[in-house]
Number of protein chains: 2
Amino acid sequence: LNEETATMANTLTRLYPWLTNPAIISAPMLGAATPALAANVTKAGDLGFIAGGTRLDTLEIALQETAKLTRTLNSHRKDTIPIGVGFQLFNSKPSTATAAFSKLAPAVAWLFAPAKAADLAEWARGIREATAGKTHIWVQIGTVAEARLAVELAEPEVLVVQGSDAGGHGLARSASVISLVPEVKDMLASIGRADLPILAAGGITDGRGVAAALALGAAGVVMGTRFLAASEAGIAAGWQNEITRLGDGGVSTTRSTLCDRLKETKGWPAWYDGRAAINKGHEDEKGGMTDDANVALYKDELKRGDSAWGSHGRMVTYAGTGVGLIHDVKPAAAIVKDVRSQARACLERVAETYGRGKAVSRL
Amino acid sequence: LNEETATMANTLTRLYPWLTNPAIISAPMLGAATPALAANVTKAGDLGFIAGGTRLDTLEIALQETAKLTRTLNSHRKDTIPIGVGFQLFNSKPSTATAAFSKLAPAVAWLFAPAKAADLAEWARGIREATAGKTHIWVQIGTVAEARLAVELAEPEVLVVQGSDAGGHGLARSASVISLVPEVKDMLASIGRADLPILAAGGITDGRGVAAALALGAAGVVMGTRFLAASEAGIAAGWQNEITRLGDGGVSTTRSTLCDRLKETKGWPAWYDGRAAINKGHEDEKGGMTDDANVALYKDELKRGDSAWGSHGRMVTYAGTGVGLIHDVKPAAAIVKDVRSQARACLERVAETYGRGKAVSRL
């Protein structure tokens with residue numbers, strides 16, 4: 001087992017030579033994950049993501065920008081840009097990715113939310129063909145069944161295992177990482193793929209969460225909400241203020257499709273919803289308000305800008321349950337550095353107190 | 001920080017001298033947590049719980065039985081029975097506990113689900129008076145706000161922090177332990193109570209979950225679902241078969257109040273529901289069936305016994321999301337022994353791979 005843990009860690013650093021263990025990855029949050037955020041996470045020894053979106057021109061500009069921003073990084077594979085690009089498959093076309101990647105190939109394409117599972121195979125094949133395999137495939141899953149299918153259909157280099165605490169979109173029904181990560185690991189072992197690195201996502205915002213994810217069997221983590229409070233995040237000040245203000249994340253946030261309806265976002269497969277902070281819109285819905293009325297009030301408030309965020313307001317504050325552990329906005333590089341060193345210290349402290357032969361047992 | 005972790009572990013072994021670190025506690029599951037289960041968990045170096053229920057005569061008999069079963073244990077405080085008793089406050093009377101405990105005092109009373117928070121204070125005071133402080137108070141909470149109130153009102157010796165993955169009853173809305181445990185720890189530190197031991201519950205069924213809980217800041221764990229598959233558990237074979245059969249716990253189980261309605265259990269405060277395996281009753285409810293019709297079908301099936309459990313049936317299978325990690329029925333002592341040794345090995349393995357100075361970084 002020692003070997004297996006070390007193998008998984010080594011696999012990540014073999015695939016992405018600039019990576020420091022444990023890996024702390026920034027999620028491809030649409031809008032929020034700017035080229036600067038992604039590049040600075042990569043340059044701090046991790047791997048940053050941008051969101052692919054649906055437009056080829058926007059994606060090409062973003063790839064050029066990340067290429068420029070990461071030019072000074074020496075340790076990466078020279079045949080790719082050392083960042084990743086995330087796609088929501090249900091509303092994107094593989095041709096957008098392949099057209100852009102045949103000019104500038106990112107290290108990773110992260111596939112999420114196919115309308116039907118078979119789309120994973122088509123996307124993975126298309127991207128690998130377009131970049132001669134230089135761009136790796138990561139797949140985000142939220143159940144053991146999805147994980148099994150993803151491995152079969154897309155043969156990913158890495159699996160991202162998202163639990164129910166995650167902010168933004170995810171499966172409406174899933175376990176948290178506490179049981180999902182080990183159950184996915186056991187399934188992988190049962191099909192002879194104990195070597196496949198997995199990353200845990202959902203509710204992880206500091207070193208304690210990272211240490212826990214490693215104990216559960218992950219080779220690293222993906223954080224979303226924590227990077228919403230990075231200086232480089234491309235979000236409204238009102239939203240960012242909420243991230244540092246909110247506490248008691250299990251009750252200040254909730255899973256719902258309301259935010260999609262307010263923003264008139266169409267097409268999410270029925271089995272997804274999103275976790276966001278509870279606000280006036282949620283309360284009015286509970287009180288029986290129609291979507292039409294709620295949308296009208298939401299659109300009115302859009303004009304108010306940053307002051308319309310908060311529990312009194314109607315703006316959408318996507319956030320995970322870990323939001324109560326975030327108290328400051330700082331550069332992405334400082335976030336990964338602080339989280340990693342906290343994780344290492346935490347692991348050593350706990351192993352020292354509770355490890356074999358060292359336990360404070362039967363004093 | 002090293003000192004703080006060690007202090008919390010030492011506090012537990014000072015309070016309960018027979019305890020081995022990390023502590024693996026069996027939950028007070030009504031019916032399922034038999035005196036034999038509780039006694040065998042305690043005798044294996046942990047602390048077992050029975051459910052207090054609502055009847056004085058039943059509670060007194062159970063206390064006598066646990067006293068008899070733990071008589072051979074030498075290392076415990078001689079003034080109490082080395083087990084705990086759990087109460088659901090909303091449907092129990094403090095006088096039941098105090099009348100029983102003034103004759104036979106258990107080491108711990110675990111308080112859960114008050115109809116109003118102030119009841120915690122009344123229960124804690126009553127029990128401490130009845131046993132001259134010999135019986136300690138543990139309070140189960142599911143949010144940071146509840147934790148703060150519990151510390152203020154009941155001055156508990158230990159806090160049990162239950163996350164959303166837990167089987168059976170819990171808050172309808174809460175985070176999982178991944179973010180809830182560290183946020184509760186930070187709150188405790190902010191009020192000068194970093195020393196207060198907390199135990200993590202919800203989705204933890206094996207050593208990896210225990211190791212994760214310790215990394216998050218807990219001094220040990222409480223397991224419910226795992227002990228439903230103990231040889232000593234007082235549950236129907238049909239239920240126990242489901243525990244070892246079910247996989248993909250995040251989708252095979254769901255949170256709902258349906259099971260209370262089927263069993264015609266009254267009085268749970270509105271903010272609680274329960275996690276159980278999805279079955280025909282859940283499907284029919286989704287399809288629009290009335291409670292009356294669903295209850296009638298449930299009662300019919302009760303006669304079928306063990307064969308009425310399963311996704312095709314209507315019997316209630318309370319289970320947490322960790323159910324997919326449980327594959328066998330074994331004695332409670334073997335469960336705690338195996339889980340603890342797996343947890344220790346896991347912590348050492350992970351610290352060795354990822355700890356400070358030992359990281360496989362920048363190979």
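Analyst: Buried area is the accessible area (1.4 Å probe) that two parts lose on being put together, summed over both. In this predicted model, local features need pLDDT of at least 70 and side-chain atom pairs pLDDT 80 or more, while totals for chains, interfaces and linings use all residues. Residues are numbered from 1 along each chain, chains are lettered from A in written order, and side-chain values use heavy atoms, without hydrogens or water.

User: How much area do chain B and chain A bury between them?

Analyst: About 5900 Å², with 55% of it on carbon and sulfur atoms. Chain A gives 73 residues to the contact and chain B gives 73; contact means heavy atoms within 4.5 Å.

User: What makes A:Arg208 and B:Asp186 a salt bridge?

Analyst: Their side chains meet at 2.9 Å, N to O. The rule asks for a side-chain nitrogen of Lys or Arg within 4 Å of a carboxyl oxygen of Asp or Glu, so the pair qualifies. The interface of chain B and chain A has 2 salt bridges by this rule.

User: Which element gives the largest share of the side of chain B that touches chain A?

Analyst: H15(B), with 11 residues. The residues of that side divide into 33 nonpolar, 26 polar and 14 charged. In this count Ala, Val, Leu, Ile, Met, Phe, Trp, Tyr, Cys and Pro are nonpolar, Asp, Glu, Lys and Arg charged, and the others, Gly among them, polar.

User: Why do the copies meet through the same surface?

Analyst: Because 100% of the interface residues of chain B are also interface residues in chain A.

User: Is A:Asp46 buried or exposed?

Analyst: Buried, at 0% relative accessibility. The cut-offs are under 20% for buried and over 50% for exposed, with partly exposed in between (1.4 Å probe, protein chains only).

User: What does the side chain of A:Asp46 make with the side chain of A:Arg340?

Analyst: A polar contact, at 2.9 Å. That needs N or O atoms within 3.5 Å; within protein, one must be able to donate a hydrogen and the other to accept it, and residues adjacent in sequence count only if both atoms are side-chain atoms. The backbone nitrogen of A:Ile24 also lies 2.6 Å from a polar atom of the A:Asp46 side chain.

Key:
Helix = DSSP H or I, 4+ residues; strand = E, 2+ residues; numbered from the N terminus.
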